[in-house]
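User: Could you walk me through this model, one question at a time?

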Amino acid sequence: MSFVDLEDIRVSYDGKNNILKDLNLSIEEGQLVSLLGPSGCGKTTTLRVIAGLIEPNDGAFKVEGANLTKVPVHKRNFGMVFQSYALFPHLTIKENVGFGLKLRKEPKDIIHKKVMEMLEVTGLADFADRYPKQLSGGQRQRVALARALVIEPKLLLLDEPLSNLDAKLRINMRLEIKKIQQRLGITSVFVTHDQEECFSISDKVAVMNQGVIEQFDSPEVIYNYPKTEFVARFIGFENFFDLTLVDDQTYAAPDGSLFKTKRAWESTKKVGTIRPEDITLLEEQSEQTVNTLPGEVKVRTFLGKSYQYEVETPLGKILVQDGHSTAYAAGDKVSLYIPEEKLILV
Amino acid sequence: MRKQRGLSIFVLLVFIFLCLPLIIVTVTAFGENPSIQFPIEGFTFDWFKKVFEISSFIDSFFLSLQISFLATILALAVGVPAAYALARYRTPKTAWLKSFFLSPTVIPGVVVGYALFQFIVVQLNLPIYQGLLLGHFLISLPYVIRVVGSSLEQLDFSIEEVAWTLGCTKVKAFIRVVLPNITSGIFASFMLAFINSFNNIPVSQFLSGPGVSTLPTTLMNYIEYNYDPTVSALSVLLMLGTIVLMYLIEKTLGLASVA
């Protein structure tokens, strides 16, 4: 039993197509867990099941072992931050933040104290008496966060909270969210489609696809060691080719070239993949050794800090990013070195 | 910007065409001659005095006021929740329902009036007052659903969901978060539905009965037998009332948000 448990959750709107299929997820106390995936993968649905805005067709949702599946939203005491911020336009910032406390019938002076404290923490003390439309996007975001946190929720739920902000502000805000989350030690679930944002903020990441969690690990493990082809593609692996096991740790490609790798989740997996930036381009070599491929440069694109090459090889087109000063031109014969420790089997 | 002379003249002509009849009616209300004429001879306020001396005008005015007010309140009580449901749960079916609710504004008034007459008076055999009220409620409902609906469509319903997560029940969230943000729509739909109901003739004509007659129908009946400027004077008073109402709407919301 973890702090939060989702057990065999199934959600279907029409009874035929499942939005979520037998989804299981366990979250430890105090952690920030991200749900990462493309749009339509079910990450927001998962968050809404946790919030209580959607009741699952099957399965159980538990916090500290207590089954909350049937408990209505307003009794769960979870703080939620929406993509659109969802501030109450007719209330001032102070009233927005104090909304939840007022419902809890706390004494006025306590409400005032807690609200002002929270506005202080989020750097909004000067804006207490303004209305939401008088604030910038980043400030509104912080109001939404303050409003969710002031009720001292058991869980903090964030639904793509940064996607309406510009790039620079987004980076500041995610740092700020992380800081506040760690200071308060509040267990949080963060939904996003942006892998960089997700990796920088999360203790653990659940990569979702078509209603199932494909991989649930720390950001480092997911980045370096994706479990499935979908996860690999989603986080930037580009080159995929079939491999067959020849002997212990040695695999053969369809054209006969041999590869060694130490990085297989299961020996049955037979697709090799590598990031374009992990391949090294070499001068053409007379003799082909293990983990190298002959090829011919087809297209060269300048990316700023490196070049991207599209290389035609016996295994098909391979994308390579190479920052070395020697630039190869289209038509050059080259050799690709695929390091053993960077070649992943999925 | 270059002036479009031709267009300006055209707009002016349309404007005159729209306003001239109203101006003529206004002028005729002050004529001394006991039958309506234009231009007028002499100048008098007598016809305005006469409006208040004819008891059927006064009675039907208050009846109209009462029917329109009650009908609009009823339409709000039914229409606001309906508009909320239509905006909140959007499916192909609700789009169809929405068109259905707006249909009384598309069907010719006479048809609506006759259909209601057949149903309310002939089939249900309701007392005249209640029947009239029901009819006016039905013609007011589309305005409420349309106007409140459009202000609900601009509402971000996640504010309602946030309210739930902060501890509001669904009813509480509706009252504390949704209602305060659609008050302008509710007010505007009230004005529109009220004015429309107050001016309605086809439905009232079919549903009126002895002793229960709205102001516009009384006015129509009066013109059939009397062609004196009292009707003009009454029309001027009604125009004034409408102008005041419109001014209030403009001041509080702007007419653009109503249309």
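**Interface and chains**

User: Which residues meet in a salt bridge, and at what N to O distance?
Analyst: Happy to start there. A salt bridge here is a side-chain nitrogen of Lys or Arg within 4 Å of a carboxyl oxygen of Asp or Glu. Across the interface of chain A and chain B the rule finds one. The side chains that meet are those of R48(A) and E161(B), and their N to O distance is 2.6 Å.

User: What should I know about the model and its numbering?
Analyst: The model is predicted, so local features need pLDDT of at least 70 and side-chain atom pairs count only at pLDDT 80 or more, while totals for chains, interfaces and linings use all residues. Residues are numbered from 1 along each chain as its sequence is written, chains are lettered from A and ligands numbered from 1 in the order written, and side-chain values use heavy atoms, leaving out hydrogens and water.

User: How much area is buried between chain A and chain B?
Analyst: Contact means heavy atoms within 4.5 Å, and by that rule 20 residues of chain A touch 17 residues of chain B. Buried area is the accessible area (1.4 Å probe) that two parts lose on being put together, summed over both. Carbon and sulfur atoms give 66% of the total, which is about 1,800 Å².

User: Is I50(A) buried or exposed?
Analyst: I50(A) sits in helix α1 (residues 43-51) of chain A; helices (H or I, at least four residues) and strands (E, at least two) are DSSP runs, numbered from the N terminus. Leaving out residues up to four places away in sequence, I50(A) touches L6(A), F61(A), R76(A), F78(A), L155(A), L157(A) and V189(A). Buried means under 20% relative accessible area, exposed over 50%, partly exposed in between (1.4 Å probe, protein chains only). With a relative accessible area of 0%, I50(A) is therefore buried.
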